Amino acid sequence: MKLRVPLAALAPVAAVALALVAGGVLIAAVGQSPFEVYGLLVSQALGTGYGAGQTLFKCTPLLFAGLSVALAFRAGLFNVGAEGQMYLGGFAAALVGAYVRLPAPLLLPLALLAAAGAGASWASIAGVLKARFGAHEVINTIMLNFIAFALVAWWGHRLFMPATVRTREVAAAAQVARLDVVLPWLKGSPANLTLALALLLAVGLGVFLFRTRIGYELRVLGLNPGAAEYAGVRIGRAQGLAFALAGALAGLGGTSFVLGYKHWFEQDFTAGAGFMGIAVALIGRNHPLGVCLSALFFGALAYGGLVVNQRVPADLVNVLRALVILFAISSYAVFERVAKLTQPKAGKAGKPA
Amino acid sequence: MSLLAVLLFVAATLRITVPYALAAAGASLGERGGVVCLGLEGFMLNSALAYVLGAWYLHDPWLALGCAVLAGMLTAGLHALVTVAFRADQITSGIGINLLAAGLTRFVLVTVFHSSSNSPRVAGLPELPIGPLAHLPALGPLLETPLVLLAVALVPLSTWLVFRTPFGLRLRATGELPQASAALGLSVGGLRTAGVLLCGALSGLAGAWLASEQHCFTDGMTGGRGYIAIAAMIVGKWHPAGAATACLLFGATEAAQIALQGSAFPSALLQALPYAVTMLALAGFIGRATPPRALGTPYDPEGT
């Protein structure tokens with residue numbers, strides 16, 4: 001048990017290191033120095049107040065999406081639909097913020113609730129189909145992503161401002177304050193207080209998963225569905241709950257842009273942040289703390305790509321992110337096998353290990 | 001509607017269906033062996049770029065087609081390496097490969113052609129000399145296109161390969177119960193890799209078609225076609241011919257959507273139809289779509 005934590009953290013670190021080495025080869029291939037490019041990336045994304053703020057801003061939706069994917073993973077479910085859930089969450093928040101007339105202290109909570117509700121209901125379609133018909137959630141969540149895009153394209157068109165692909169601005173009461181109000185050091189960056197909400201939810205998720213009965217049931221379901229059923233866990237209900245909660249988390253991820261930054265919904269605003277939630281959860285090993293660290297890493301990478309664009313194409317970071325995913329799953333599989341091989345065989349020695 | 005309008009609609013449908021059918025037939029081969037092929041989008045995207053690079057540097061569309069197939073197989077080879085050799089999660093690998101292709105193709109586009117949106121114009125595949133048939137209204141230009149004929153030939157060929165040859169039987173056995181294949185002395189890893197590589201080759205043709213039709217590479221030009229092909233494969237119940245039929249249906253929906261653009265009909269909603277149909281098929285409303293039993297499970301020779 002003492003050895004498990006460092007080993008669990010070692011594999012993702014190894015994957016990131018390998019990806020950076022492979023990325024370095026790519027940088028060298030276009031005639032640039034990998035050390036200079038990486039140095040520039042780190043100094044710009046973390047070294048200045050504005051850069052750090054941009055990193056935190058990029059990190060926010062990744063954190064929501066990462067928590068969403070991690071929660072579903074813990075229950076043995078793969079949520080590939082965080083992108084669509086986040087997209088609809090942002091859309092719902094924008095609609096409530098722009099069209100609902102309510103006194104100021106009520107409007108923001110309602111807009112947040114709308115985002116969570118939209119994400120949760122959209123994810124629940126996949127949850128119900130899984131629980132009732134055993135339909136595989138991976139394909140269904142991918143399909144739901146595309147349907148969400150089509151729905152918003154169809155409906156949004158009537159709402160968008162003339163000659164734009166955005167809705168009108170949300171009321172001031174629905175806007176979330178920027179972080180630089182509290183931390184002047186981040187001056188001018190779009191990081192906002194939805195990040196604090198994400199961090200709170202990360203703590204909440206940790207408590208839920210590891211300190212409550214329902215969280216325990218979800219984890220048992222993820223580790224061993226047979227054992228969960230034998231122990232009396234109502235599988236269908238647990239799966240539905242996991243998907244609804246995961247969807248709510250992803251849906252809230254849309255509020256960073258919509259309520260905290262631009263103050264309107266814009267077509268394609270998620271820009272793959274929901275998909276990246278898979279990578280975030282993967283590198284964070286589905287643990288809330290790991291997810292926070294991993295979201296920070298991917299956030300720095302997302303902003304860092306923009307600053308190194310002068311030297312190498314910004315798509316370097318997209319390649320890096322993909323390589324991190326591929327190296328991570330490969331190293332996890334290999335590490336797991338090595339651990340299995342080196343484990344003392346309890347039966348043979350005749351003594352408990 | 002006049003006869004010509006009908007013919008034009010049919011031709012448009014077939015044109016849209018070609019890449020779907022090729023990729024979906026490929027995915028049926030890969031998944032029948034037990035490996036989830038969510039990376040179709042990435043296979044196609046890399047191949048489309050390889051076609052353009054081949055045509056640009058080698059000045060020969062047929063060599064460019066070869067480059068595209070090779071790129072499809074190389075990308076598929078990476079998927080096989082990760083999922084079969086390292087036994088990593090197949091779904092995540094597919095998603096990773098799609099991200100990799102999206103980033104890498106744009107990286108190369110910027111580096112080689114100094115544009116983040118599109119490559120310069122390159123030659124498409126030449127028209128076939130089919131004589132008077134070329135004068136057929138609407139369908140003539142389609143029949144002149146080599147990849148259309150290739151797609152029409154490859155779909156039944158893939159069906160035959162999966163259901164009528166010893167290789168196909170072994171491949172399907174590996175996808176259903178790899179332990180049984182192994183007990184027969186077959187190489188589970190070899191068969192699965194072969195299925196994935198075939199999928200890469202067929203997706204390579206699909207990617208080449210996209211680039212050849214547009215005479216250039218544009219950023220993200222596959223536009224979700226890989227996912228539509230996966231959906232069609234599911235609706236077609238992991239059967240190359242069934243998948244191609246579903247592709248025709250999806251192609252017709254897309255052609256209708258283009259034809260109805262600007263009319264009062266909410267054509268944007270038609271976009272969602274293939275995805276909704278796929279979900280219904282998965283839930284068992286349109287005949288049960290049952291995947292190969294060992295699909296998605298890495299094969300562990302030491303395991304039970």
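Because the model is predicted, local features need pLDDT of at least 70 and side-chain atom pairs count only at pLDDT 80 or more, while totals for chains, interfaces and linings use all residues. Residues are numbered from 1 along each chain as its sequence is written, and chains are lettered from A in the order in which they are written.

**View 1. Arg285(A) in a loop of chain A.** Arg285(A) lies between helix 12 (273-283) and helix 13 (288-307) of chain A, where helices are DSSP runs (H or I) of at least four residues, numbered from the N terminus. Its phi is near 50 degrees, which is a positive value in a residue other than glycine. With 18 other C-beta atoms within 10 Å, Arg285(A) is partly exposed, a class that falls between buried (20 or more such atoms within 10 Å) and exposed (12 or fewer), with C-beta atoms placed from the backbone.

**View 2. His114(B) in a loop of chain B.** The loop that holds His114(B) runs between helix 4 (90-113) and helix 5 (140-143) of chain B. His114(B), a residue other than glycine, has a positive phi near 55 degrees, and His114(B) is exposed because 8 other C-beta atoms lie within 10 Å.

**View 3. The contact between chain A and chain B.** Chain B gives 35 residues and chain A gives 34 residues to this contact, in which paired residues have C-beta atoms, placed from the backbone, within 7 Å. On the side of chain B that touches chain A, helix 4 of chain B supplies the largest share, 14 residues.

Key. Helices (H or I, at least four residues) and strands (E, at least two) are DSSP runs, numbered from the N terminus. Two residues are in contact if their C-beta atoms, placed from the backbone, lie within 7 Å.
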